[in-house]
Amino acid sequence: MGCCVKRILLAYVVLLCCFSLFVKNLSAHPLDFTVLQHGSHPDTVTMDSVSHILVIGGIQGDEPGGFSAASLLGTHYTFKNGYVTIIPNLNFLSIINRNRGTSGDMNRKFAKLSEKDPDFHAVKRVQELIRSPEVDLILNLHDGSGFYSPTYINDMQNPKRWGNSVIIDQEECGAVPFGNLGEIGRKVVAKVNENLLEKDHSYHLKNTETGKGDKEMEKSLTWFALGQGKPAFGIEATKNINVAGRVYYHLHAIEAFFEEAGIEFARDFPLTTKGIHEALNKDIYLGFMDSSLILPLDDIRRPQLGVFPMEKNYAAEGNSPILTALAEKNTMQVHYGNNRVTNFKVEWLERDTELKTMQVELDGNVYTAKFGDILYAKNYVNVLPQRGYRLNAIGAVVGNGPRGDESGIKIYKKAFQERFSLDKSGNQYRLEIYKGGKYAGTFILQYCKNVPEHPVFSPLD
């Protein structure tokens, strides 16, 4: 993460379902998906003046290009007009498990589905969103093998491959906005082909002609959408390149669709593989217990962090919709997309909620900090004493020792044992506050050479 604090400003955002996810047992409970909405809501404008696009990622959990692109679309884009609904993590449990579908391929469950199927409620919920009268266009994001080509070139480039293509089920979708599927698809393909990373990455339009007897495609999300009179496209990036490259192609295709729909937007990163990699991997935070504990994940130590106090029946929240934590017995597993980022042991404690803030001295200046804040210091930190509360600076050998009250003491970096740091660089440490046997909250202390102008930072505010 470093000392340069990047504050992501998300304008025009209405969260139907915020990034908070209740911590659940991975084997027993599916994770619900997130719905993000950006732009001018159809309720506030006339229907003739707004295009509404529904973008879906993560229907198959082993396709990170699609759900990572949708995640960036929901967190790093703003919209000047139009309306965009984004589902970045439709099959979240499948994403965590890195498989096509923990309970079978969800993209083959849109024709008929038993109420006993574990995906039943998620499928029904997304079907209702597709049916929404204001939705004009649906984009379903995938990663496919090889490179689709209408003619056979080699084993990786041929008509049976799916990668780097725009998919339609038929040429037309009737007299509705964006119903000219083939024409729009060809325009999008041409736009993407202006920005290829390599010359043999060319995109093509693939018409599955589903209505002519393709029984598998008849079970898909896009075919269901067409049956509701909703134009729908699949966007396939190739699995033959890395995730940043896949996201690069997905976003170029999505932006081409925005152009067709007249939706104006801005993003806060350059549309390059480097810019995408940084957007996906910098300033990622996960919070617990109403953000009384926040973990910076950019440089997090792996595979295990130690023991953390935790209250039962709480919510985990992050600044990415593909980020969560799952409790497995007395261990918390932190997941970011397909990656298990780290884990830590849990000591289940009652939580004191009376105290919200404390005074902290950082290099001679005193600030008010609330639990969950990141404190930046060049030399030392001193958490000023609060009657009835004690500080445990995890890994520091100062004052009364690791189990005593370490408030009111200047703590320099050299006092910490590096094996207790949160980050691989050895600069981040936990300052835990207790009231008797109850846990109150945690500050994250970041030692750095160049302290930012505001050395007390609230990442999830």
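Let's start at P303, which sits in the loop between β15 (293-296) and β16 (304-310). Helices (H or I, at least four residues) and strands (E, at least two) are DSSP runs, numbered from the N terminus. This is a predicted model, where local features need pLDDT of at least 70 and side-chain atom pairs count only at pLDDT 80 or more, while totals for chains, interfaces and linings use all residues. Residues are numbered from 1 along each chain as its sequence is written, and side-chain values use heavy atoms, with hydrogens and water left out.

What joins R302 and P303? A cis peptide bond does, with omega at about -5 degrees. Most peptide bonds are trans, and most residues other than glycine have a negative phi. You'll find F178 in the loop between β10 (165-168) and α4 (181-193). With a relative accessible area of 14%, F178 is buried; that word means under 20%, exposed means over 50%, and partly exposed is in between (1.4 Å probe, protein chains only). D363 also has a positive phi, about 55 degrees, and belongs to the loop between β21 (357-362) and β22 (365-370). D363 counts as partly exposed, at 27% relative accessibility.

Now look at helix α7. Its buried residues are G275, I276, A279 and L280. Seen down the axis of α7, they fall within an arc of 130 degrees (taken from the directions from the helix axis to the C-beta atoms), so they line one face of the helix. An α-helix has 3.6 residues a turn, so residues three or four places apart point the same way. Among the elements covering the buried residues of α7 are α1, α6 and β19 (331-336), judged by contact, meaning heavy atoms within 4.5 Å. Just after α7, D283 takes a positive phi of about 55 degrees.

Over in helix α1 is T75, which counts as buried at 6% relative accessibility. A polar atom of the T75 side chain lies 2.9 Å from the backbone oxygen of S71.

Finally, which residues lie nearest the centre of the second largest pocket? They are L280, N281, R302, Y336 and N339, out of 20 lining residues. At least two lining residues each come from α1 (64-76), α6 (243-261), α7 (273-281) and β20 (339-348).

Methods:
On a 1 Å grid over the protein atoms alone, a cavity is a set of points where a 1.4 Å probe fits but cannot get out, and a pocket is an open set with protein on both sides within 12 Å along at least five of seven lines; lining residues have an atom within 4 Å of a point. A polar contact is a pair of N or O atoms within 3.5 Å; within protein, one must be able to donate a hydrogen and the other to accept it, and residues adjacent in sequence count only if both atoms are side-chain atoms.
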